[in-house]
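Please look at the sequence and the structure on the screen, and I shall then guide you through a few of their features.

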Amino acid sequence: AAEKAPVTASGGARRVLLFPLPFQGHLNPMLQLADVLHARGLRVTVFHAAFNAPDRVAGYHFVPVGAGVPTADLVPTGSNADFAGALLRINERLQGPFEDSLREVLQEEDHEGARPACLVLDSNLRSMQVVADRLGVPTLVLRTGGAACLVAYMAFPALCDKGLLPPQDHSQLNLPLDDLPPLRLQDMVFSTTTPHETMTTCLERIVESAKCSSGVILNTFNDLEGVELRKIIDGVGVPVYAIGPLYKISSGVKSSLLSSDQTCLDWLDKQEAKSVLFVSFGSLASMDQEELVETAWGLANSRMPFLWVIRPDAVHGSGNVGLPDGFEEETQGTGMVVSWAPQQDVLGHQAIGGFWTHNGWNSTLESICEGVPMICRPHFADQMINARYVEEVWKVGFELEGKLERGNIERGIRKLLCEEGGEMRRRADDLKDKATRCIKKGGSSQTMVDLLVNCIMSLPS
Ligand code: UDX
């Protein structure tokens with residue numbers, strides 16, 4: 001039954017509404033979810049912030065929200081960005097415009113003989129869920145981060161009640177959290193620029209969005225985060241659907257906010273198998289000029305081939321990205337720098353031997369699913385949690401700790417590509433096999449998609 005299209009009273013397929021958060025790491029998973037649901041026969045309407053608008057997908061209905069609202073403080077930047085503050089402002093500024101748009105869409109839909117089945121929203125958009133509740137539209141929530149991250153967010157208030165958060169002094173930071181192994185207190189300090197109250201509100205709303213929904217969808221898979229998924233099931237009191245990796249279970253549709261340089265794939269074709277380090281810090285994290293210089297010389301001095309993504313806004317406090325003099329000459333033939341890469345294809349390329357990542361969840365998941373071991377350098381939000389799991393639970397990488405300094409970097413690269421990488425790669429290959437199995441017919445994620453579609457079909461029309 002799950003394979004059949006849900007049908008409205010007037011005979012048309014039912015419609016699902018979606019609202020992603022307007023950032024790269026959130027847009028792609030939501031569009032991939034849309035793709036999965038569309039392939040099962042549902043019609044798709046995508047509400048989206050007018051800024052950072054996704055590429056249009058043929059056959060979907062796109063509704064921009066909040067054209068003309070000021071956006072300068074809605075996009076977090078810097079190595080330690082105030083992501084939570086930006087999220088609260090996005091909610092506040094888009095709520096009114098979303099209500100207007102949703103009312104309009106509901107009126108149009110009524111003419112078709114059935115209301116939309118539900119709204120699937122990013123779990124960071126609690127204010128939009130309140131609007132949907134008011135207008136009688138059931139909601140499902142997509143968590144684009146890992147299950148471990150949601151477990152940690154759920155545990156945040158208890159750590160505050162115990163007086164552990166915010167940490168009172170530096171010496172506490174290393175404290176292991178007995179209920180959240182392998183996390184330490186420092187992994188729960190999601191940003192040092194966000195005031196504690198803002199962080200508390202932001203995390204409360206994320207957890208609330210899950211609990212107030214008809215179901216939580218996660219971009220992860222059971223063999224990777226089974227323990228954490230069970231904790232979520234116990235904690236949220238609504239059905240939980242782990243249907244990742246979404247980029248694999250969908251047709252892989254993506255919406256890049258920057259255009260990717262495909263020539264790096266040709267360059268990779270010429271490199272030896274498993275020899276190249278891929279270096280990329282996602283779509284938001286940045287470094288200062290000194291760190292850029294240290295990174296450049298760390299890469300050059302390692303004498304290992306590398307492919308390095310330096311976004312136009314990768315260096316904070318400067319519009320100009322300045323690679324040090326002599327770097328290009330020194331790395332000619334062994335290294336390539338691009339401003340945006342087709343990351344999933346790169347990670348899946350046989351020439352890639354390792355990934356130096358900031359551990360955004362998408363990057364972490366993509367690396368795991370392509371069997372690539374990691375050097376972890378988390379910046380903010382969930383990235384410290386993801387890095388901790390990479391090192392301590394899945395053992396497919398290690399954290400590059402301390403100051404970002406060329407000697408440290410060079411040692412880290414050699415450790416990954418020459419010394420300990422083999423063992424880590426074997427474990428990563430094992431996880432890759434599991435990721436491949438879970439999306440096949442009868443696999444855990446594919447089964448969860450069936451259940452999710454059944455749930456959507458059973459929502460009242
Ligand atoms: C943000 C947060 O920082 C992250 O912690 C959270 O888990 C999701 O939202 P971002 O920092 O952009 O995301 O990182 P990530 O989650 O890794 O997403 C980046 C996406 O951009 C990945 O899907 C990656 O494949 C893609 N990408 C990145 C490219 O396609 N090309 C690139 O050159 C770099």
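This is a predicted model: local features need pLDDT of at least 70, side-chain atom pairs count only at pLDDT 80 or more; totals for chains, interfaces and linings use all residues.

Which residues does Val16 touch, not counting residues up to four places away in sequence? They are Leu37, Leu42, Val44, Pro116, Ala117, Cys118, Val120 and Ile456.

Let us turn to the ligand. A shell of 27 residues surrounds the ligand, and the closest of them are Gly25, Gly282, Gln343, Gly360 and Ser363. Two or more residues of this shell come from each of helix H1 (24-39), helix H11 (343-347) and helix H12 (361-369). Sorted by class, the shell contains 17 polar, eight nonpolar and two charged residues.

My last topic is a sheet. Six strands make up an open sheet with parallel pairing, in the order E10-E9-E8-E11-E12-E13. At its edges are strand E10 (335-338) and strand E13 (397-399), each of which pairs on one side only. From one strand to the next, the twist averages 15 degrees.

Strand E12, residues 374-376, pairs with E13 in the parallel sense over three bridges. Ile375 has Phe398 in E13 as its bridge partner. Helix H13, residues 383-393, packs on the sheet and touches both E12 and E13. The direction of helix H13 makes about 125 degrees with that of E13.

Thank you for your attention.

Methods:
Residues are numbered from 1 along each chain as its sequence is written. A residue is near a molecule or strand if its C-beta atom, placed from the backbone, lies within 6 Å of it. Helices (H or I, at least four residues) and strands (E, at least two) are DSSP runs, numbered from the N terminus. Ala, Val, Leu, Ile, Met, Phe, Trp, Tyr, Cys and Pro count as nonpolar, Asp, Glu, Lys and Arg as charged, and the others, Gly among them, as polar. Two residues are in contact if their C-beta atoms, placed from the backbone, lie within 7 Å. Two strands pair if DSSP finds at least two bridges between them. Axes are lines fitted to C-alpha atoms, for helices over the stretch in contact, and angles run from 0 to 180 degrees between N-to-C directions.
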